[in-house]
Amino acid sequence: MLFDWKILNLKKTVERLVDLAENHIGSNEKEAHKAANEFTSGFASPELFKSGMGIRIRGSLKQYNSVFDIPPGVYETNADFGDLPGGLSNGGAIIHLRIEKGGDARKQIWLTDGYNGTLWYYTMHTSSASYNPAGWTKIQRIEEVWRGTAKNVNDIITFNQHMTHFKTMRVWYELDDGDSWICKEFESNKSFVLRDYDIFNGSSGANFFEIGVTRNANDKMTVSRNKGIGIDGKDATSNLRIRMIEGVA
């Protein structure tokens with residue numbers, strides 16, 4: 001049986017179906033699968049998909065004049081910007097960026113120095129009355145690398161990783177005058193001398209202590225001395241002992 005689609009008044013329907021077919025598949029200015037943005041729920045571009053999956057978009061971002069102009073996303077790029085922290089503003093360094101955007105002009109940036117692993121944070125659209133620090137904030141990475149008791153000569157301190165991973169080390173130690181640990185910080189991966197004194201020793205005067213620790217390797221140190229001396233110049237028993245060491249990057 002033949003029928004005339006015009007008589008059946010199907011022209012508008014057919015034209016609409018043709019339009020949908022033509023513009024649903026393909027890549028033209030009427031593409032139905034348009035990339036999503038902050039205003040339109042569309043389909044993710046490869047870059048947007050990678051960013052949403054936490055995969056860094058790799059490559060140069062020189063098209064932006066400032067790191068603060070880069071749109072939200074996750075990136076691995078060169079330090080091609082003049083407003084980076086910590087002397088990173090040179091094209092030879094690799095940096096990792098995670099940029100998030102909030103309401104109004106608020107934006108948060110997490111930056112990692114690819115070589116040293118140093119972390120930086122920046123929050124934008126912060127008024128002078130805000131509780132947030134202004135500018136780039138360095139985020140310390142602190143990790144326990146050794147725990148125990150080291151006090152006697154030839155006691156060995158073996159770290160759980162190379163101390164070249166850190167800038168400094170925080171040495172926690174104690175005396176017999178209380179339960180609180182004391183902390184002092186030294187340059188990492190080098191020999192050091194720890195000094196303290198005790199005036200609450202149950203007798204008149206004061207005792208002074210010194211413990212020397214010698215670097216043997218990137219992951220090992222040895223107690224080389226632990227001496228005490230009274231204010232009168234006589235030898236005294238040293239109660240100083242190291243209890244924990246943390247690496248600070």
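What is the relative accessible area of Arg56?

Mentor: Happy to zoom in! Arg56 has a relative accessible area of 37% and is partly exposed. On that scale, buried means under 20%, exposed means over 50%, and partly exposed is in between, using a 1.4 Å probe and protein chains only.

A bit of housekeeping. This is a predicted model, where local features need pLDDT of at least 70, side-chain atom pairs count only at pLDDT 80 or more, and totals for chains, interfaces and linings use all residues. Residues are numbered from 1 along each chain as its sequence is written, and side-chain values use heavy atoms, with hydrogens and water left out. The pLDDT is the predictor's confidence in each residue, from 0 to 100. Its mean over the protein chain is 85, and 84% of the residues reach 70 or more.

Back to your arginine. Side chains of opposite charge can pair when their charged atoms come close. Arg56 meets Glu76 in a salt bridge, at 3.0 Å from N to O; the term means a side-chain nitrogen of Lys or Arg within 4 Å of a carboxyl oxygen of Asp or Glu. Glu76 sits in strand β2 and Arg56 in the loop between α2 (46–52) and β1, so the pair ties together parts that are 20 residues apart in sequence. Those labels come from DSSP runs numbered from the N terminus: helices are H or I with at least four residues, strands are E with at least two. Take some care on the helix side, as α2 has the lowest confidence in the chain, at a mean of 72.

Glu76 counts as buried, at 18% relative accessibility. Glu76 also forms a salt bridge with Arg58, with the closest N and O atoms 3.2 Å apart. This pair links distant parts of the chain too, with Arg58 in strand β1 and Glu76 in strand β2, 18 residues apart. Arg58 is exposed, with a relative accessible area of 67%.

Arg225 lies in strand β13 and Glu210 in strand β12, 15 residues apart. Arg225 is partly exposed at 31%, and Glu210 is partly exposed at 24%. Back at your spot, shared partners join Arg56, Arg58 and Glu76 into one salt-bridge network. The structure holds 9 salt bridges.

What do the strands do here? β1 and β2 (residues 73–78) pair in the parallel sense over 2 bridges, and pairing requires that DSSP finds at least two bridges between the strands. Ile57 stands opposite Tyr75 in β2. Zooming out, 6 strands form an open sheet with mixed pairing, in the order β1-β2-β3-β4-β5-β6. β1 (57–58) and β6 (137–139) stand at the edges with a single partner strand each, so one side of each is left without a neighbour in the sheet.
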